[in-house]
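Subject: Structure handover

Hello,

Here is the structure I said I would pass on. Please open it alongside this message, and the notes below will take you through what was found.

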Amino acid sequence: MVSRVSVPGISFVRELGGISEYELKSNGLKILLAPDASSPVTGFMVTYHVGSRNEAIGYTGSTHLLEHLLFKGSVKFNREKGTQMDKLLESKGAVVNATTWFDRTNYYEIIPRDVLPLAIEIEADRMRTARITQKDKESEMPIVWNEFERGENLPIEALDKQVWATAYQAHPYHHSTIGWRSDIENVSIERLQQFYNDYYWPNNATVTVVGGFDPKEALTLIKKHFGVHPKAPKAFPPVYTTEPPQEGERRAVVRRAGVDMVGIAHKIPEGNHADIPALIVLGALLSGDKASRLHRALVDTAKATEAQTLCYQLFDPGLLMTYVTLPKGIKHEAVERIVKEELAKLQSTPVSTKELARIKRQVRVEMANQRDGAYTFLSSLNESIATGDWTRFVTLGPALAKVTAADVKRVAKTYFSDDQATIGWFINTAT
């Protein structure tokens with residue numbers, strides 16, 4: 001149990017698993033504190049509840065572009081004043097970066113304890129006074145293009161982009177976080193400024209502090225610097241598009257130089273749904289380690305060089321995806337058939353007590369590792385924040401421990417219909 005801290009203007013909300021939630025009364029900013037007095041390192045992160053899910057055709061990739069532009073400077077911290085934010089922090093031993101995904105954008109610093117006041121001040125300043133200019137956009141575009149092209153040149157990334165675009169026809173998970181090429185090229189600086197002014201507000205953000213710090217001092221500094229900003233003047237643009245029911249198997253094919261791959265995806269519920277723990281266990285049964293089912297069926301038999309299953313836990317219904325990398329001479333049809341056979345076995349035959357216990361031990365270790373270091377802690381907690389409920393970071397472990405063989409069989413039967421599948425093939429055209 002973490003002792004509650006009292007700071008005027010900040011209300012305590014709840015505490016769970018060593019994490020305390022507060023709220024800045026003046027503007028609705030959410031604050032999560034997870035102190036560790038023994039740590040010399042502090043992690044500070046601002047998570048904005050905006051990602052590519054909040055984009056539409058014409059300005060896909062805007063969240064990612066903004067992430068880059070917010071490092072160009074704010075009113076107080078900029079190159080002209082010799083206070084460029086990332087350089088200033090890095091000179092004091094900080095690791096500084098940001099990431100964007102479907103449901104969120106985060107900006108974070110891993111810092112020595114005494115640098116926390118500066119990190120808080122910088123993040124608060126760019127929350128509302130970031131300089132988003134055409135000149136800075138043009139200077140940053142080569143870096144953005146490099147990221148885009150790097151993804152295009154990786155078979156797994158190219159195939160993944162097409163699988164998502166095929167699985168989702170209406171919902172904005174249809175487009176990748178980096179966006180479509182023409183949108184990245186043509187989106188106006190005015191549209192990016194509007195996007196920033198739509199979403200970058202205290203009541204659309206969560207501030208997280210982990211590791212070595214004094215909770216009262218941190219709350220006082222957060223109030224001082226973030227408290228100067230008001231709530232958003234209007235409601236945030238809603239995402240009201242839902243994906244219509246899928247009425248048959250869908251297929252996507254990518255033909256280019258690379259490596260042969262097969263991908264199979266099925267839609268699953270949103271990250272906070274009660275079936276997610278069983279689906280996580282199911283994914284680990286398929287490809288969690290060298291004793292997993294797909295490894296034995298494909299890698300051990302030389303029909304694949306790698307097999308991985310990913311359970312996407314998102315704000316809206318996501319995907320459970322299996323990707324298999326093929327060696328030369330192995331047919332896509334054969335690998336697709338084997339993966340489907342393994343999925344069918346999970347639907348028809350209960351997992352043995354021994355196999356389930358092994359996988360749950362493995363998952364338990366993975367969950368424990370989420371608190372191993374400031375960055376890992378921040379990153380893992382961030383994904384639960386993005387689902388709309390940070391407490392799942394704490395409650396997911398116990399929920400996974402309760403998963404039974406019957407649960408695994410039930411979710412396999414519920415979500416692994418062939419009519420609900422999206423199949424992707426990467427076909428290597430190089431001779």
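**What was found**

Contacts between residues 24 or more positions apart make up 79% of the protein's contacts with a separation of 6 or more. Please keep in mind that this is a predicted model.

Overall shape

The protein has 15 helices and 12 strands. Its radius of gyration is 23 Å, close to the 22 Å that the globule rule gives for 431 residues, so the protein is as compact as a globular protein of that length. Along the principal axes, the C-alpha atoms fill a box of roughly 60 × 50 × 40 Å.

Of the 431 residues, 55% count as buried. The protein exposes about 18,400 Å², and carbon and sulfur atoms supply 53% of that area. As for charge, there are 52 positive and 51 negative charges, and their mean positions are 3 Å apart.

The cores

In soluble globular proteins, nonpolar side chains tend to be buried together. How many residues does the largest nonpolar core have? The number is 57, and the residues with the most contacts inside this core are Leu29, Phe44, Ile132, Tyr200 and Phe226. Helix α3 (residues 116–129) gives the largest share of this core, seven residues. There is also a second, separate core of 44 residues, which includes Leu279, Ile280, Leu294 and Val408.

Leaving out residues up to four places away in sequence, Leu29 touches Tyr22, Glu23, Leu24, Met127, Pro202, Ala205, Val207, Ile222 and Phe226.

Helix α1

Is helix α1 (residues 62–69) enclosed or open? Eight of its eight residues are buried, so helix α1 is largely enclosed by the rest of the structure.

His332 is found in helix α11 (residues 332–348). Is His332 buried or exposed? His332 has a relative accessible area of 9%, under the 20% cut-off, so it counts as buried. Not counting residues up to four places away in sequence, His332 touches Asp260, Met261, Val262, Leu326, Trp425, Phe426 and Ile427. Gly424 is 92 residues from His332 along the chain, and their C-alpha atoms are separated by 9.8 Å.

Ala302 sits in the loop between α10 (293–299) and β10 (306–311). Most residues other than glycine have a negative phi. The phi of Ala302, however, is near 65°, a positive value. Ala302 has 52% relative accessibility, over the 50% cut-off, so it counts as exposed.

Val228 lies in another loop, the one between α8 (215–226) and β8 (250–256). At 59% relative accessibility, Val228 counts as exposed too. The C-alpha atoms of Val228 and Ala374 are separated by 28 Å, and these two residues are 146 positions apart along the chain.

Regards

Note on methods: Residues are numbered from 1 along each chain as its sequence is written. This is a predicted model: local features need pLDDT of at least 70, side-chain atom pairs count only at pLDDT 80 or more; totals for chains, interfaces and linings use all residues. Side-chain values use heavy atoms; hydrogens and water are left out. Helices (H or I, at least four residues) and strands (E, at least two) are DSSP runs, numbered from the N terminus. The radius of gyration is taken over C-alpha atoms; the globule rule is 2.2 Å times the number of residues to the power 0.38. Buried means under 20% relative accessible area, exposed over 50%, partly exposed in between (1.4 Å probe, protein chains only). Contact means heavy atoms within 4.5 Å. Accessible areas come from the Shrake-Rupley method with a 1.4 Å probe; for residues, only the protein chains shown count as cover. Lys and Arg count as positive and Asp and Glu as negative; His and the chain ends are not counted. The place of a charge is taken as NZ of Lys, CZ of Arg, CG of Asp or CD of Glu. A nonpolar core is a set of buried Ala, Val, Leu, Ile, Met, Phe, Trp, Tyr and Cys residues joined through side-chain atoms within 4.5 Å.
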